[in-house]
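Please open the model in your viewer and keep the sequence panel beside it. The stops below say what to select next and what is to be found there.

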Amino acid sequence: MTRQVGRYRLYEEFASGGMAAIHFGRLTGESGFSRRVAIKRLHPQLAKDPLFVDMFTDEARVAGRIQHPNVVGVLDVVREGAELFLVMEYVHGESLSKLIGRARKADRKVPCAVACAIVTQALYGLHAAHEARDEGGQPLEIVHRDVSPQNIMVGIDGAA
């Protein structure tokens with residue numbers, strides 16, 4: 001299934017959570033410009049609830065303030081009809097939970113140095129979130145409430 005959502009082409013879903021599904025996407029622009037993105041789509045039943053819509057758009061506003069190599073960047077928010085989409089940078093890689101699962105299946109452990117590097121990078125990203133400030137320089141006081149292996153992406157370059 002593919003469809004156009006604003007300037008973005010929405011492709012198949014590759015992950016899903018309690019609030020949203022994440023799809024492959026592609027930003028298309030002038031002169032053949034194209035960029036792969038991830039598109040987070042608020043579940044349709046939640047898109048009807050103003051509380052969830054506020055939480056979703058607040059996530060986009062807050063995440064959009066964080067500029068750090070260890071934080072997935074938010075690029076855009078798109079509303080189409082009753083649906084709401086959050087467009088993010090695409091990380092070519094796997095979630096930490098999938099990497100751990102793959103190691104277990106092979107009866108191996110993630111090497112200590114690799115695990116420490118991933119956790120350190122995740123902590124750098126969390127620190128950037130904790131230090132984020134609004135346009136006026138006031139702290140946003142962000143606390144990430146869902147730090148888990150399925151929410152830590154590890155790119156093919158090893159960056160978490």
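Select Gln121, which is buried because its relative accessible area is 18%, buried meaning under 20%, exposed over 50% and partly exposed in between, with a 1.4 Å probe and protein chains only. This is a predicted model, in which local features need pLDDT of at least 70 and side-chain atom pairs count only at pLDDT 80 or more, while totals for chains, interfaces and linings use all residues. Residues are numbered from 1 along each chain as its sequence is written, and side-chain values use heavy atoms, with hydrogens and water left out.

Gln121 lies in helix 3 (residues 112-131); helices (H or I, at least four residues) and strands (E, at least two) are DSSP runs numbered from the N terminus. Leaving aside neighbours within four places in sequence, Gln121 is in contact with Asn70, Gly158, Ala159 and Ala160, contact meaning heavy atoms within 4.5 Å. Now display the backbone nitrogen of Ala160, which lies 2.7 Å from a polar atom of the Gln121 side chain.

Next, turn to the aromatic residues, where a search of the whole structure finds three aromatic pairs. Rings of Phe, Tyr and Trp (its six-membered ring) pair if their centres lie within 6.5 Å, and planes under 30 degrees apart count as stacked, over 60 as edge-to-face and the rest as tilted. Select Phe14 and Tyr90: the ring centres are 6.4 Å apart and the planes stand at 80 degrees, so this pair is edge-to-face. Phe14 lies in strand 2 (residues 8-16) and Tyr90 in the loop between strand 6 (83-89) and strand 7 (93-95), so the pair ties together parts that are 76 residues apart in sequence.

Colouring by accessibility shows Phe14 as partly exposed at 31% relative accessibility, and Phe24 as partly exposed with a relative accessible area of 22%.

Finally, select Arg36, whose charged end sits over the ring of Tyr90, 4.8 Å from the ring centre; a charge sits over a ring if NZ of Lys or CZ of Arg is within 6 Å of the ring centre and within 35 degrees of the ring normal.

Note on methods:
Polar contact = N/O pair within 3.5 Å; in protein donor to acceptor, adjacent residues only side chain to side chain.
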